[in-house]
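Dear colleague,

I am handing over the structure below, and after it you will find my notes on what came out of the analysis. Please read them with the coordinates open beside you.

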Amino acid sequence: TGLSLSRKVFVERGRVKTVLVLGAGLVSGPLVRYLLVQDGIAVTVADVYLEKAQRLIGTATNGTAVELDVHDEPALEQLIAASDLVVSLLPYVYHPLVAQLCVRQRTPMVTASYVKDTMRALDAAAREAGVILLNEIGVDPGIDHMSAMRVIDRIRSAGGDLVSFSSYCGGLPAPDANNNPFGYKFSWSPRGVLLAGKNPARYLEDGNVVDIPGEELFLHHWPVEIAGVGTLEGYPNRDCLPYIDTYGIHGVTGMFRGTLRYPGWCETMANIVKLGLLDESPRNDLVGMTFAQFMGVMIGRPGTATTADVAGFLGIPPDSPVLDKLAWLGLFSTSPLPADVQSPIDVLVAVMLPRMQYAQGERDMLVMQHQFVAQYPDRRERITATLVDYGIPHGDSSMSRLVGLPAAIGVKLILTGEITLTGVQIPVVPEIYMPVLNELETMGVRFSEQTEVISS
């Protein structure tokens, strides 16, 4: 096969290839461990906290841990120059700097983050340098692209036209770990999760563009049935119209991307928005205030606020589950606010984070579902592709595995010569998505598909 041939050449060159992994955070573990067991690959993990990098390397003889502050550009470039490929698992704001240095050193780069304009601007320079800057090869973005394009390309090759495409994704507690009133636990930045709830959304339905202002996002939700899981709640995820270009599906009458949560999330979040609890504006009146007094401020009522007061402000029944959830967070308590909070969203993060974390041994669950409507000369079909993946108790979360493993496989495919593309790329071409999805399936990460004829 192409892979075995590439690997043969790779090994026969007689030189171990060094992969530099920047960042030793939550998703780094599965990627680093995958690379450490590959023939002919050595791994250097660089992090501002040396002990985090050392923990990832463990006792592996082909691994090295180094301390690095990415703001030290000469040190960063020196590490890049000594490497055959760089994986950036840093916060996304650092990717363009890393990419620029990679292009200058003619070193390929892989990241799981979205392509921003600053990254896209490096495409010509990367092609001229003969290197690939492979982005969006995680789970969302990543597995979503690859699994969608595999079906879209299959429809085309069978003579069909795509009529509509919808996709949902959600990282949730597994049912056995779904034991708090919100039905959610944080597997990434709590602030990031909450701020995503302020984004406007746009999608295409029956040929019409639907725009949803950020403040109304959680008012637009509906049940989504997931085989093997049950009924979840779906709501729109940002502006998905650019994906029509990304996937090359011009002419579709429907295009939608959504987020999945357990039922009740949207009603609760809509009221949290109405209370102003996602406001990032600094306030100078929070010092010395209790949570109940803070809630009074948020509804414009002097003194402390009770659940009945907040129910009246929101226009919901006093026995609403929403109020139970706010009370469970401690927002009506007489305890003082944490000293370091500066804005309403700081208060919300402060109460959510300790109460909505995964306990030792608890599993997360990642759910992704695509639905394609395809028109063939003699029939119209609906194809539903579903992925349900669970974390490993006392091991890697599903989120970290499904972000880290696609990127790790991409690294190997670049080093073995199976991926030969250059420039800024995302995994929407068969040269990338086929071998990555095939290998993920050997690890149990696979979509189940159902096809039904809806007219003939």
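Helix α11 is mostly covered, with 7 of its 10 residues buried; please keep in mind that this, like everything that follows, comes from a predicted model. The buried residues of α11 are Trp265, Cys266, Thr268, Met269, Ala270, Asn271 and Ile272, and their packing partners are α9 (190-195), β11 (230-236), β12 (254-261), α13 (307-314), α14 and α15 (344-355). The helix is followed by Gly276, whose phi is positive, near 80°.

Two packed helices are described by the angle between their axes and the distance between the axes. For α11 (residues 265-274) and α14 (residues 321-328) the angle is about 70° and the axes are 9 Å apart; since angles of 65 to 115 degrees count as roughly perpendicular, the two helices are therefore roughly perpendicular to each other. The crossing in which α11 passes α14 is right-handed.

Just after α13, Gly315 takes a positive phi of about 75°.

Which residues have the most contacts inside the largest nonpolar core? They are Ile143, Val310 and Phe372, in a core of 151 residues, to which helix α16 (residues 398-415) gives the largest share, 11 residues. As background, nonpolar side chains tend to be buried together in soluble globular proteins.

Elsewhere in the chain, 8 of the 9 residues of helix α2 (residues 28-36) are buried, so α2 is largely enclosed by the rest of the structure. Its buried residues are Ser28, Gly29, Pro30, Leu31, Val32, Tyr34, Leu35 and Leu36.

Thr290 lies in the loop between α11 and α12 (291-298), and because its relative accessibility is 16%, Thr290 counts as buried. Not counting residues up to four places away in sequence, Thr290 touches Ser333, Thr334, Ser335, Pro336 and Leu337.

Some backbone values may interest you when you prepare the model. Most residues other than glycine have a negative phi, and most peptide bonds are trans. Against that background, a cis peptide bond joins Asp140 and Pro141, with omega about 15°, and Pro141 is placed in the loop between β6 (132-134) and α8 (143-157). Glu136, found in the loop between β6 and α8, has a positive phi near 60°, and at 7% relative accessibility Glu136 counts as buried. Arg238, found in the loop between β11 and α10 (242-246), likewise has a positive phi, near 55°, but at 47% relative accessibility Arg238 counts as partly exposed.

With best regards

Key
Residues are numbered from 1 along each chain as its sequence is written. Side-chain values use heavy atoms; hydrogens and water are left out. Axes are lines fitted to C-alpha atoms, for helices over the stretch in contact, and angles run from 0 to 180 degrees between N-to-C directions. Helices (H or I, at least four residues) and strands (E, at least two) are DSSP runs, numbered from the N terminus. Angles under 35 degrees count as roughly parallel, over 145 as roughly antiparallel, 65 to 115 as roughly perpendicular and the rest as oblique. A crossing is left-handed if the near helix is turned anticlockwise from the far one by less than a right angle, and right-handed if clockwise. A nonpolar core is a set of buried Ala, Val, Leu, Ile, Met, Phe, Trp, Tyr and Cys residues joined through side-chain atoms within 4.5 Å. Buried means under 20% relative accessible area, exposed over 50%, partly exposed in between (1.4 Å probe, protein chains only). Contact means heavy atoms within 4.5 Å.
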